[in-house]
Amino acid sequence: MWSIDNRFLKPALAMAIAGTLVGCASGPKVYDRAALAPAEQALITSKPAPLRADFQNLFEEGPRNKVLNLMEIGVKAYRAGYKSEAKNTLTQARLEIENVYADTDSARKARSIWYEEAEKDFKGEPYERAMVYFYLGLIYLEEGDYGNARASFLAGLLQDAFAEEKQNSADFALLLYLAGWSALQMGSEQLAQQHFEELKLYRPDAPIPNATDNALLIVETGHSPRKLGDGVGHYQLVYRRGKNFRDVGAEVRDGEQWSAVYPMEDIFFQASTRGGRAIDRIVEGQIQFKENTRAVGSALSTISQDSMLAGAGAAAGGVIGAGFAAVSLISVAADGLSASANTRADIRYWAGLPDTVHVLPVTATEGQSVTVRFLDKHGHQIPGLKDSTAFTFDGRGAGLAFATSRRPSQGAIQ
C-alpha cells in the first residue's frame with residue numbers, strides 16, 4: 001500500500017494528480033453561459049439595480065433555466081416593490097409552465113416529449129409552480145382584479161395537484177384561503193364559504209374574515225426548501241428544509257400591543273408531499289409514503305393556536321420538522337417515469353421562496369403603516385429583524401399589506 005503526500009510535490013503536479021483522481025468520479029455537469037448581446041446588456045442596465053444580476057442570469061443561462069430565473073426575478077421584484085416587473089416576469093413564467101403543465105391535449109403532448117429529455121428545461125415542481133400563481137394572485141388583488149386573483153389562486157391549486165402525470169388532491173391551504181378572500185371581494189358569499197369550508201379540512205383554526213375585515217396582511221418568514229442529490233450516484237432527490245434562518249413566527253404591531261400573524265402555509269411541507277402525503281422513500285422505482293401525514297397540517301394549526309409560531313419544526317428540527325427533516329423524494333423522472341432514471345437528480349430549486357407564509361385579516365385604512373417583527377422558534381423576538389410597510393387599497397374597498405423578512409432593500413437580511 002502506498003500513498004502520495006502532496007506536501008512534497010510541486011503545486012502544479014499535485015493539482016494534476018488530484019485532477020486525475022477526481023476525474024474518475026462522475027460530477028454534476030457544468031453548463032456554459034452564453035455571451036451577452038449588446039441589446040441584452042443594455043436591457044440589463046435599464047433594470048432596477050436589485051434585479052440586474054438576476055436578469056443577467058436569465059440571458060446567460062438561456063432556456064434551460066429560463067423559468068427558474070423568471071421566478072427569482074419575479075419574487076425579488078415583488079418584494080422590492082417593482083410590481084410591474086414582477087407581474088411581467090411571473091406571467092412569462094406562468095405561460096412557460098402552462099406549455100407543459102395544463103389540462104389540455106397540447107400540454108399532454110408537450111409533457112410526453114419533455115419527460116424524455118435527459119436534461120430538461122426547468123419548469124419547477126408542484127409547490128414551485130403553485131407559488132408563481134400565489135404571487136400573481138396577490139398582484140391581481142392589489143389591482144382590484146378579484147376575478148383574475150381568484151382564478152390565479154385556483155390555478156395554483158391545480159398545479160399543486162399536478163404531479164407529473166398523476167393527479168393528487170390539492171391541499172395548499174394558503175391558496176384556498178386567498179381564493180375565498182377573492183370571492184368575498186367579488187361579492188360571492190357562497191363561493192367564499194365553499195373555499196373556507198374546504199380550508200377548514202387543513203386549517204380548522206384559520207382566521208376566517210368577518211364582516212368588518214377589509215384588508216389582508218401577508219407575511220413571509222424563513223428560506224426556501226432545498227433539493228439535494230442523495231444515494232449512490234445522486235440519483236435520488238432529497239428535500240431538506242431551508243437553512244440559515246431563525247425567523248419562524250411573526251407579530252404585527254397593534255397600538256401598544258403585538259398580535260400574532262397566523263401561519264397559513266408551510267412551503268417545505270408542500271415541497272415534500274404529494275396530495276398531503278409525505279413521500280418517505282423509493283423502493284424499486286415505487287414511492288412509499290409516510291403514515292399519518294395529514295396530521296402535519298393539523299399540527300401546524302395547533303401550534304398556531306398555542307404560540308402562533310410558524311414552522312415550529314423549522315431549521316432547528318422541531319416538532320413538525322422531525323417527521324420530515326429526513327424525507328427522501330425522488331426526482332420527477334423517478335416518480336413513476338423511468339426516462340431519466342439513470343440521470344442525476346435535478347437539484348435546481350426556487351431559492352427565493354420563503355419557508356412559511358402567514359396571513360391575518362384585519363380592519364385597516366389606506367396608507368396605514370404596518371410594522372412586523374419576527375420571532376424565533378422559542379417565540380422570542382429576533383433583534384434587529386423587522387419589516388415596515390403600509391396597507392394599499394385597490395379603489396374598490398379592499399386592502400393588502402405584504403411584509404417579509406427577505407426585503408431586497410434590506411440586503412443584510414437576505
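Modeller: The answer below begins with the sheet and then turns to salt bridges.

This is a predicted model, in which local features need pLDDT of at least 70 and side-chain atom pairs count only at pLDDT 80 or more, while totals for chains, interfaces and linings use all residues. Residues are numbered from 1 along each chain as its sequence is written, and side-chain values use heavy atoms, with hydrogens and water left out.

Helices (H or I, at least four residues) and strands (E, at least two) are DSSP runs, numbered from the N terminus. Two strands pair if DSSP finds at least two bridges between them. The open sheet has 5 strands in the order S8-S13-S3-S17-S16, and its pairing is mixed. Strand S8 (262–266) and strand S16 (392–393) are at the edges with a single partner strand each, so one side of each has no neighbour in the sheet. Strand S3 pairs with strand S17 (residues 399–404) in the parallel sense, over 6 bridges. Within this pairing, Ala 215 has Gly 399 in S17 as its bridge partner. Helix H7 (residues 126–142) packs on the sheet and touches S3, strand S13 (356–362), S16 and S17; contact here means heavy atoms within 4.5 Å. The direction of H7 makes about 135° with that of S17, where axes are lines fitted to C-alpha atoms, for helices over the stretch in contact, and angles run from 0 to 180 degrees between N-to-C directions.

Side chains of opposite charge can pair when their charged atoms come close. Glu 220 forms such a bridge with Arg 79, and their closest N and O atoms are 2.8 Å apart. Arg 79 lies in helix H4 and Glu 220 in strand S3 (residues 215–221), so this pair links distant parts of the chain, 141 residues apart. Arg 79 and Glu 220 are both buried; buried means under 20% relative accessible area, exposed over 50%, and partly exposed in between (1.4 Å probe, protein chains only).

A salt bridge of 2.9 Å, N to O, joins the side chains of Lys 66 and Glu 96. Lys 66 is in helix H4 (residues 66–80) and Glu 96 in helix H5 (residues 83–100), 30 residues apart. Lys 66 is partly exposed, with a relative accessible area of 30%.

Technical notes:
A salt bridge is a side-chain nitrogen of Lys or Arg within 4 Å of a carboxyl oxygen of Asp or Glu.
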